[in-house]
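Hi,

Here is the structure I promised to pass on. My notes follow below it.

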Amino acid sequence: MEGSGDLDSSLLTQPWASVCFGESTFIAKACFRDTGYVLLISDLSSVWYEHADIDVVGKRSKELNKRLTAHVSSFLNRLSNLMCPLLEGRKSDATSFSCQQTSSKLTIHLKSDLSGLPFHWDFHCLAAAMEMISCHLLRPLIRMSLALQCQLQELASLLVQKDAEIEDYRESGAALSRGRLRTEPFQEESFLQPFRTDSLPGSCSL
């Protein structure tokens, strides 16, 4: 049986997705299992988290859905079927979401149906711990930034080599059959300058 730590570990492998709850836009990731679920969500100013095990799901389902007597696994399966398509960019007209937000708590209200009866669910997300924010946001972003920087350097080196190869062909008497394909030698500093002066400052201020 998958425990709390296993669910959190599985959450690390899930991609972030852009989602809308009501009129608010967030990034979110989730993991649903037979033992419960974990949900991590952020508006890029705050980060909220909920871990709900079988006991929590069972108690909350009775409070919110008094007319439904389904097994806890049915509620978890239904939640997974409603949330996973949303995280994949697919919306359903039969399901609605809304949210209430404070600096320390985010409640997401879900309305749908189960076995032909109204189905309600509330995700009660509290402010995430700094370690979780670091694991799921800061470290991956820094690693990705470093990886992209290395890739950029490799591409720049490859372009310089290609320019040297083309120049060698020209000195050997080779000529382009179509003049419109001629390119200027790659200048790394000129290429990066607009990013440093325009794109980067704008992204940081945003």
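**What I found**

Leucine 146 sits in helix H4, residues 130-171. Helices (H or I, at least four residues) and strands (E, at least two) are DSSP runs, numbered from the N terminus. Please note that this is a predicted model: local features need pLDDT of at least 70, side-chain atom pairs count only at pLDDT 80 or more, and totals for chains, interfaces and linings use all residues. Residues are numbered from 1 along each chain as its sequence is written, and side-chain values use heavy atoms, with hydrogens and water left out.

Leucine 146 is partly exposed, at 48% relative accessible area. Partly exposed lies between buried (under 20%) and exposed (over 50%), with a 1.4 Å probe and protein chains only.

Leu146 also belongs to a nonpolar surface patch with Met130, Leu138 and Ile142. Together they have about 420 Å² of accessible area. Nonpolar side chains (Val, Leu, Ile, Met, Phe, Trp, Tyr) are joined within 5 Å, like charges within 9 Å.

Now the whole chain. The protein chain has five helices and seven strands. Their order along the sequence is α-β-β-β-β-α-α-β-β-β-α-α. The radius of gyration (over C-alpha atoms) is 25 Å, well over the 17 Å from the globule rule (2.2 Å times the number of residues to the power 0.38) for 206 residues, so the protein chain is more spread out than a compact globule. Its C-alpha atoms fill a box of roughly 85 × 35 × 35 Å along the principal axes. Of the 206 residues, 31% count as buried.

Best wishes

Technical notes. Patch = residues over 30% accessible without salt bridge, like charges linked within 9 Å, V, L, I, M, F, W, Y side chains within 5 Å. Areas by Shrake-Rupley, 256 points an atom, 1.4 Å probe, with all protein chains shown as cover. Salt bridge = Lys/Arg side-chain N within 4 Å of Asp/Glu carboxyl O.
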